[in-house]
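Hi,

Here is the structure I promised to pass along. Have a look at it first, and then read on for what turned up when I went through it.

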Amino acid sequence: MTSIKEQAAISRLLSFLQDWDNAGTVARSHILNNFIETNQGKTAPELEQEFSQGASLFLVRLTTWLRLTYMTGSCLDKLLRSIGVFLSAVSSNHYLIEFLEVGGVLTLLEILALEKIKEEGKKESIRLLQVIANSGRKYKELICESYGVRSIAEFLAKSKSEETQEEVQVLLDSLVHGNPKYQNQVYKGLIALLPCASPKAQQLSLQTLRTAQSIVRTTHPSIVDNVLKVLSTMHLEVQYEGCGLPGSSSDGRTLSACTAVSIAAIELIKDLVNYDVCPALLKGLVALLIPSFKETSKLQPKILNDTSALQLTAHLPVFLQQAAAAKAIGILAHRNRSLAEEMLHLRVVHSLLAAMGNTDHSNSQRQASLTLKCFVQLFPVVEEHVRKSMGEELYKLFFSNAGDLYMKIDSIQADILAANKVNVTKALYLSDLSHSNVSFYFGHRNQDPVAYNTHFQKEDVEGKE
């Protein structure tokens, strides 16, 4: 027989459940508020004690109401927070199983795709998915098997709330850890996010990709192109940030018109040079230093010819790429001499000088100048060629203050830089400068000397043409 105390507790439970069953939307909203305030942070045993060992009876009512009303968004954020009280409680595995058995994961993922639902409700859905993912490997697999990665990634790209997007990043980071069966799926989903229109989504995807790349270990062929394209982002933020080059400023920081997205991309690039995509990545970075005529001409809209309109030339995507590529190359060269040598064989000095002559974008000139100074300090042969190309007067200006050179050169000097014919690669081979133990090559250093000289003779003829 039950005691009088137990009977009273059961009576209160039944009364509570009856109140819920008979309540309308407004009354249920008040019940949910009281439940959250009273029970947030309680353990599963404490919840059972509160509900006289019948907490699951209330949970099933919550999940039932969720399935019936989630498409309308009625009290959705409070309803999801109430379910979260159960799922996040210590020793709550049985609550989690009950929620999943009625299709809880699919419902949460569907909420993310519904346009009518407010951002707050979707954020709570993401938080519940975090709780589920953090419960173990099999639950992460369940989310992925429910096409969760695609739904979550699409929501990250479309969300207008940075706070919600950061919650999504936490979820994706959880899904890539301890999930060997589907970690590649998450990795590819992050790469697919890079071309999206949201700068915050790009930044968070790049940051999470660094973690994912270290876990997956192998690289996807599309990662190089996608990361390099991110460097052209038009969403500018003025912020303090370290450029990683010596002499950039007295305190190691420089106020630069750069993007948080570009910074995140450069951080990922620093990681990717340790993988098999390094040759393609270096080649791509150097190529961005000299935008094609086709790219620059098609980005000259009529608005630029209107003197009353805002001049947008400084923010053309290809010039943003150019500046970011110059900065990335400088950081890589400063960190790793072997990478610097590899880029010398890609004619990076010629390309940096050309970028210094781009009077349409001062940040390109500045970043290219700082990076070129790094190469000059690393390699005497580069110093010799740069000094000869610039002339003694301009070279002294450059070496004394590379970061401000763009403000001191005239149009003639800029044209000389842009049209330079510097070819350090040939001098490197003939002087036998490069003997580093690098595991990848770009083709020239293993060639027969006769064939190699023939290559440069052909290149010189093509240059004259």
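Does Ala 201 count as buried or exposed, going by its relative accessibility? Ala 201 counts as buried, because its relative accessibility is 0% and the cut-off for buried is under 20%. One thing to keep in mind throughout: this is a predicted model.

Leaving aside neighbours within four places in sequence, Ala 201 is in contact with Leu 156, Ala 157, Gln 165 and Cys 196. There is also Lys 158, 43 residues from Ala 201 in sequence, with a C-alpha to C-alpha separation of 8.5 Å in space.

Ser 351 is another buried one, at a relative accessible area of 6%. You'll find Ser 351 in helix H20 (residues 348-356). Not counting residues up to four places away in sequence, Ser 351 touches Val 286, Leu 289 and Ile 290.

Next, the helix pairs. Two packed helices are described by the angle between their axes and the distance between the axes, and I have two pairs for you.

The crossing of H18 past H21 is left-handed. On the H18 side, the residues that meet H21 include Phe 319, Ala 323, Ala 326, Ile 329 and Ala 333. On the H21 side, those that meet H18 include Gln 367, Ala 368, Thr 371, Cys 374 and Phe 375. By class, the contact of H18 with H21 has 9 nonpolar, 7 polar and 1 charged residues.

The second pair is helix H1 (residues 4-22) with H4, packed at an angle of about 10 degrees with axes 11 Å apart. H1 is therefore roughly parallel to H4 as well. From H1, the residues in this contact are Leu 13, Phe 16, Leu 17, Trp 20 and Asp 21. They meet Leu 57, Phe 58, Arg 61, Leu 62 and Trp 65 in H4. Sorted by class, the contact of H1 with H4 has 8 nonpolar, no polar and 2 charged residues.

Helix H19 (residues 337-344) is mostly covered, with 6 of its 8 residues buried. Those buried residues are Leu 339, Ala 340, Glu 341, Glu 342, Met 343 and Leu 344. At the start of H19, a side-chain oxygen of Asn 336 comes to within 2.9 Å of the backbone nitrogen of Ser 338.

Most residues other than glycine have a negative phi. Ser 52, though, has a positive phi, near 55 degrees, and Cys 75 has a positive one too, near 50 degrees. Ser 52 lies in the loop between helix H3 (44-50) and helix H4 (55-69), while Cys 75 is in the loop between H4 and helix H5 (76-87). What is the relative accessible area of Ser 52? For Ser 52 the value is 21%, so Ser 52 is partly exposed. Cys 75, at 17%, is buried, because the cut-off is under 20%.

Cheers

Terms used:
Residues are numbered from 1 along each chain as its sequence is written. This is a predicted model: local features need pLDDT of at least 70, side-chain atom pairs count only at pLDDT 80 or more; totals for chains, interfaces and linings use all residues. Side-chain values use heavy atoms; hydrogens and water are left out. Helices (H or I, at least four residues) and strands (E, at least two) are DSSP runs, numbered from the N terminus. Buried means under 20% relative accessible area, exposed over 50%, partly exposed in between (1.4 Å probe, protein chains only). Contact means heavy atoms within 4.5 Å. A crossing is left-handed if the near helix is turned anticlockwise from the far one by less than a right angle, and right-handed if clockwise. Ala, Val, Leu, Ile, Met, Phe, Trp, Tyr, Cys and Pro count as nonpolar, Asp, Glu, Lys and Arg as charged, and the others, Gly among them, as polar. Axes are lines fitted to C-alpha atoms, for helices over the stretch in contact, and angles run from 0 to 180 degrees between N-to-C directions. Angles under 35 degrees count as roughly parallel, over 145 as roughly antiparallel, 65 to 115 as roughly perpendicular and the rest as oblique. A polar contact is a pair of N or O atoms within 3.5 Å; within protein, one must be able to donate a hydrogen and the other to accept it, and residues adjacent in sequence count only if both atoms are side-chain atoms.
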